[in-house]
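Please keep the sequence and the structure at hand while reading.

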Amino acid sequence: MFRRSISLNLNNKHYGLGTAISMIVGILIGSGIFFKADDILGFTGGNVGLSVLVFFIGAFCVIFGNITLSQLAARSDRRGGVLAYFEEFISEPAAAGFGWFQIFAYYPSISVVVSWVAGIYTTMLFGLIPSLELQTAIALGYLTFFFALNYFSLKLGGRFQNISTIMKLIPLIGIGLIGFFWKAPVLVPSETLIVPLEQVGWGFLAALPAIAFSFDGWVVATSITHEVKDAKRNMPIALTVGPLLVLAVYMAYFLGMIAIVGPEYILEHRDNTIYQIGQILFGEQGGTLILSFILIAVLGVVNGLVLGVLRMPQAMALKGMLPKSERIKVINEKTQLSPTAAKLSIFVSFSWMVVHYLTQKFGILSGGDVSEIAIVFSYITYIALYLKVFKLSKNKIVPLLGILGSLIIVGGGVVSNPTFVPLFLLACSGIFYTGYRYMRKKA
């Protein structure tokens, strides 16, 4: 999962097919694969074939979702991505509802979870006791730091983003290449407790929210449509080839780990697997080296998410879609950001940190996390846009496949936890409806 802000010049179409593909790959490849690969394997009962199938399902949902939304992008001159599509093709109240969901659930919940993952890797890197409390405290520290960094220095936040993008590719491609040429037997220390592989049946669908997290950010890719030459021809190609290349990178990394240590070892060591692989490949300091790369990559995602968290209330206020919009949209001349929007973003994010801590402490989400639920709900909202494309387009197959992909992800989310996931989805619906009603009343 990775986000990059893209500046659009609607009068210039200066990106060719190759550039469009590379930009889409850069947007899609994220840090989720580092800490979701073991979850996917776990939900499939250690079945490598089923895990590969889940990866392909994720790519399927992204490809047809991308192509479907690109048809709306081609019909619109507005900036703002999905929010703009809701505003122009559905209604302003629906756009407000989607924006409220992004401000109060989507961005903050994902930011919190990725910060927590950075806390996990930090405890590994420095040999600290991996308690949930310590990991959460470190996550709060990281979140606070990046809020401050991006509020007070736009340039430093952008530079860190560029560095982290390069860092995350090194272990992904490196492990994939090593795994391809790996000829040594699978190394399992004698003291390792082998976790038996299970027959999970249709339970493997519970892995879909994790794969959705790994591919998340794909909706941003459609925002470059206006700048691509011959977009009608090139964008469907780019939006197909790009996700397939990301799938290839993810599969190389995943199968590389399998080749080196085996699925049982991964199920036993979970997030710590990559550290163990580093030691196997490069000696005692190898684990530290790889973890350093991954930690910087994960922190880069936190940084990118905070960029979005800080700006979303500001963008909504400019449209009058939030209470006290006149106050929220006031910009500090020095930072070029809204102080009120920043305070709101920090408060909401810290509140989600409390929710995340409680769900992990008491095992409410059965190994999942709150960010996956927010991502699942976002797929529900996309269905409204897919239906609009279905009505507008002569080609009905692509939007139908986009709808099917969303339904598959939503079904997987419910399967992962039939008790609590529907409740959290209902909470997200409540946030969406509140924003919708606010705009309706204002109109």
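The side chains of Arg270 and Asp39 meet in a salt bridge, with 3.8 Å from N to O; a salt bridge is defined here as a side-chain nitrogen of Lys or Arg within 4 Å of a carboxyl oxygen of Asp or Glu. The pair links distant parts of the chain, 231 residues apart: Arg270 lies in the loop between α10 (263-269) and α11 (273-282), and Asp39 in helix α2. The model is predicted, so local features need pLDDT of at least 70 and side-chain atom pairs count only at pLDDT 80 or more, while totals for chains, interfaces and linings use all residues. Residues are numbered from 1 along each chain as its sequence is written, and side-chain values use heavy atoms, with hydrogens and water left out.

**Salt bridges**

- Arg270 is partly exposed, with a relative accessible area of 33%, whereas Asp39 is buried at 16%; buried means under 20% relative accessible area, exposed over 50%, and partly exposed in between, for a 1.4 Å probe and protein chains only.
- Lys319 and Glu87 form a further salt bridge through their side chains, at 3.0 Å from N to O.
- Lys319 counts as partly exposed at 35% relative accessibility, whereas Glu87 counts as buried at 13%.
- Lys36 is joined to Glu372 by a salt bridge in which the closest N and O atoms are 2.5 Å apart. This pair also links distant parts of the chain: Lys36 belongs to helix α2 (residues 32-43) and Glu372 to helix α15 (residues 370-392), 336 residues apart.
- Both partners are buried: Lys36 has a relative accessible area of 1%, and Glu372 has a relative accessibility of 7%.
- Seven salt bridges are found in a search of the whole structure.

**Cavities**

- There are five cavities of 30 Å³ or more. On a 1 Å grid over the protein atoms alone, a cavity is a set of points where a 1.4 Å probe fits but cannot get out, and its lining residues have an atom within 4 Å of a point.
- The largest cavity has a volume of about 90 Å³, a volume being the space filled by probe spheres set on the grid points, which are joined across faces, edges and corners.
- Residues that line the largest cavity include Phe43, Pro209, Asp369, Glu372 and Val421. The elements that give two or more residues to this lining are α15 and α16 (397-416), and the largest share, three residues, comes from α15.
- The lining of the largest cavity has six nonpolar, four polar and two charged residues; Ala, Val, Leu, Ile, Met, Phe, Trp, Tyr, Cys and Pro count as nonpolar, Asp, Glu, Lys and Arg as charged, and the others, Gly among them, as polar.
- The second largest cavity holds about 50 Å³ of space. Among the residues that line it are Phe34, Asp38, Tyr253, Arg270 and Ile274.
- α2 gives the most to the lining of the second largest cavity, with three residues. By class, that lining comprises six nonpolar, one polar and three charged residues.

**Selected helices**

- Helix α8 (residues 208-215) is mostly covered, with eight of its eight residues buried; among them are Leu208, Pro209, Phe213 and Phe215.
- Gly217 follows α8 and has a positive phi, near 105°.
- The 12 residues of helix α1 (residues 17-28) should span 16 Å at 1.5 Å a residue, which agrees with the 17 Å between its end C-alpha atoms; the expected span is 1.5 Å times one less than the number of residues.
- Buried residues of α1 include Ala20, Ile21, Met23 and Leu28.

**Overall form**

- The secondary structure of the chain comprises 17 helices and zero strands; these are DSSP runs, numbered from the N terminus, with helices (H or I) of at least four residues and strands (E) of at least two.
- The radius of gyration is 21 Å, close to the 22 Å that the globule rule gives for 443 residues, so the chain is as compact as a globular protein of that length. The radius is taken over C-alpha atoms, and the globule rule is 2.2 Å times the number of residues to the power 0.38.
- Along the principal axes, the C-alpha atoms fill a box of roughly 70 × 45 × 45 Å.
- Of the 443 residues in the chain, 56% are buried.

Notes. On a 1 Å grid over the protein atoms alone, a cavity is a set of points where a 1.4 Å probe fits but cannot get out, and a pocket is an open set with protein on both sides within 12 Å along at least five of seven lines; lining residues have an atom within 4 Å of a point.
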